[in-house]
Amino acid sequence: IHMTMWRRFMPDWLVWLRKHHPDLSPRVETDYSERLVDYISQGVLDIAITHMPSGLPGLLVKSFTEDELVMVSRLKQDFKSCNPDDYVFVDWSYGYREEHQEKLPDFEISNFNIGFGEIAMEYLYVSDCYSYMPRAYVSDDIKKGRLHIVKGAPTLSRPSYLVYSKLPNNPERIQIAIDGLLASSGEHELK
């Protein structure tokens with residue numbers, strides 16, 4: 001699974017898998033999309049959840065979910081009063097950059113970039129800055145008042161995809177993994 005999504009899917013999926021298929025022995029890896037796709041093409045992994053919308057020859061890529069990203073801050077703020085100098089850019093990957101550029105041209109070039117969302121979130125807890133985070137990551141912090149959605153800021157999206165071989169060694173194992181991911185994520189089908 002892409003390293004920024006493990007918290008959202010892995011715990012529930014692993015519980016589902018152990019409950020419904022205790023005979024399987026999962027191997028879970030976290031990495032960036034490109035590396036995970038390489039693992040699939042090399043036969044190291046059976047299936048991956050990535051943000052990369054295209055694969056290599058011999059791989060299937062199916063739309064899985066789409067995260068809503070919201071601008072958050074530890075302070076209650078209105079987007080109209082946000083200064084780009086206090087904005088922390090997190091590169092959430094493919095597709096996100098283009099939507100960010102389109103919807104936030106004044107925030108396109110940030111003085112402050114953090115390459116990993118969890119580090120940026122920790123920084124938001126102690127600074128007066130703001131950044132985009134997946135709503136699923138920050139929902140508890142918003143409920144507890146630790147972070148606040150910046151009022152009036154546009155929402156952005158970040159799609160994810162399931163990637164697996166067109167000719168897997170064990171198609172039944174792939175289907176079990178997909179069924180569990182759909183059940184534990186609340187999705188009903190692949191697109």
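Modeller: Arg 74 is partly exposed, at 32% relative accessibility. On this scale, buried means under 20% relative accessible area, exposed means over 50%, and partly exposed lies in between (1.4 Å probe, protein chains only). This is a predicted model, in which local features need pLDDT of at least 70 and side-chain atom pairs count only at pLDDT 80 or more, while totals for chains, interfaces and linings use all residues. Residues are numbered from 1 along each chain as its sequence is written, and side-chain values use heavy atoms, leaving out hydrogens and water.

Now for the partner of Arg 74: its side chain meets that of Asp 128 in a salt bridge (2.7 Å, N to O). This pair joins distant parts of the chain, 54 residues apart: Arg 74 sits in the loop between S2 and S3, and Asp 128 in the loop between helix H4 (117-126) and strand S5 (130-134). Helices (H or I, at least four residues) and strands (E, at least two) are DSSP runs, numbered from the N terminus. A salt bridge puts a side-chain nitrogen of Lys or Arg within 4 Å of a carboxyl oxygen of Asp or Glu, and the structure holds seven. Asp 128 is partly exposed too, at 44% relative accessibility.

Gln 77 lies in the loop between strand S2 (59-73) and strand S3 (88-89). With a relative accessible area of 17%, Gln 77 counts as buried. Leaving aside residues up to four places away in sequence, Gln 77 touches several residues, among them Asp 128, Cys 129 and Tyr 130; contact means heavy atoms within 4.5 Å.
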